Amino acid sequence: MDATTSYPSLARARFAQYLLGTLALLAAMDAGIAALLLEPIRHDLGLTDVEAGLANATSYSAAYGLLSVPMGLLADRMRRVTLVFLAMLLWCAALVLTASAAGFWTLALAKTLMGVAAAALLPAALSLLGDYFAPEHRATATATFPLGQILGAGASVLDGGLGFDGLGEPYSGG
């Protein structure tokens, strides 16, 4: 973009900024809650510790890590709003699959799909923020995304703790 490039109105740019920050918060919160509730999930699905770790963390992290650069390339080649929308649809489908998981393979697939969605969301969101804000405001705007991730991680501890309390014995220790 050059000096003659026009940016959306500040209201529209801020709306996009807050929406993308909220998506980052929700994605991080969901990932954190799953990690906190891994022991009850492991118990309910009859998984070993190794299977639980592979299905939850390794599946998600491998997909996220391996697909981040390809998703960035995809974000450069397609409409980023569409990519964010598709990533969130995939995330929602993965949540449903996670909730209905009956064993290792279903949980691993669900967490892999969540990793794919997260890998698509990050570059598309940051690129969109670059499109919505002029260079002199861009750094502050893009800081919203990691702020959402940090707040989501913190919220997952609170929500995960409430989840443990809701489960009662033998998980909550009470």
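This is a predicted model: local features need pLDDT of at least 70, side-chain atom pairs count only at pLDDT 80 or more; totals for chains, interfaces and linings use all residues.
A crossing of two helices is called right-handed if the near helix is turned clockwise from the far one by less than a right angle, and left-handed if anticlockwise.

The chain contains seven helices and zero strands, and its elements follow one another from the N terminus as α-α-α-α-α-α-α. The C-alpha trace spans about 65 × 30 × 20 Å along its principal axes. Of the 174 residues in the chain, 37% are buried. Contacts between residues at least 6 apart in sequence were also examined, and 77% of these join residues at least 24 apart.

Two packed helices are described by the angle between their axes and the distance between the axes. For helix H3 (residues 49-77) and helix H5 (residues 104-132), the axes come within 6 Å and cross at roughly 30 degrees. Angles under 35 degrees count as roughly parallel, and H3 and H5 are therefore roughly parallel to each other. The crossing of H3 and H5 is right-handed. The residues that form the contact of H3 with H5 comprise 19 nonpolar, six polar and two charged.

Helix H1 (residues 10-36) also packs against H5, with axes that come within 10 Å and cross at roughly 160 degrees. Since angles over 145 degrees count as roughly antiparallel, H1 and H5 are roughly antiparallel to each other. The crossing of H1 and H5 is left-handed. On the H1 side the contact is made by Arg12, Ala13, Ala16, Gln17, Leu20, Leu23, Asp30 and Ala34. The H5 side contributes Lys111, Met114, Leu121, Ala125, Leu128, Leu129 and Tyr132. By class, the residues of the contact of H1 with H5 are eleven nonpolar, one polar and three charged.

Asn56, a residue of helix H3, was considered individually. The relative accessible area of Asn56 is 9%, and buried means under 20%, so Asn56 is buried. When residues up to four places away in sequence are not counted, Asn56 touches Ala34, Ala35, Leu38 and Lys111. With Lys111 there is also a polar contact, made between the side chain of Asn56 and the side chain of Lys111 (3.4 Å).

Technical notes
Residues are numbered from 1 along each chain as its sequence is written. Side-chain values use heavy atoms; hydrogens and water are left out. Axes are lines fitted to C-alpha atoms, for helices over the stretch in contact, and angles run from 0 to 180 degrees between N-to-C directions. Helices (H or I, at least four residues) and strands (E, at least two) are DSSP runs, numbered from the N terminus. Angles under 35 degrees count as roughly parallel, over 145 as roughly antiparallel, 65 to 115 as roughly perpendicular and the rest as oblique. Ala, Val, Leu, Ile, Met, Phe, Trp, Tyr, Cys and Pro count as nonpolar, Asp, Glu, Lys and Arg as charged, and the others, Gly among them, as polar. Buried means under 20% relative accessible area, exposed over 50%, partly exposed in between (1.4 Å probe, protein chains only). A polar contact is a pair of N or O atoms within 3.5 Å; within protein, one must be able to donate a hydrogen and the other to accept it, and residues adjacent in sequence count only if both atoms are side-chain atoms. Contact means heavy atoms within 4.5 Å.
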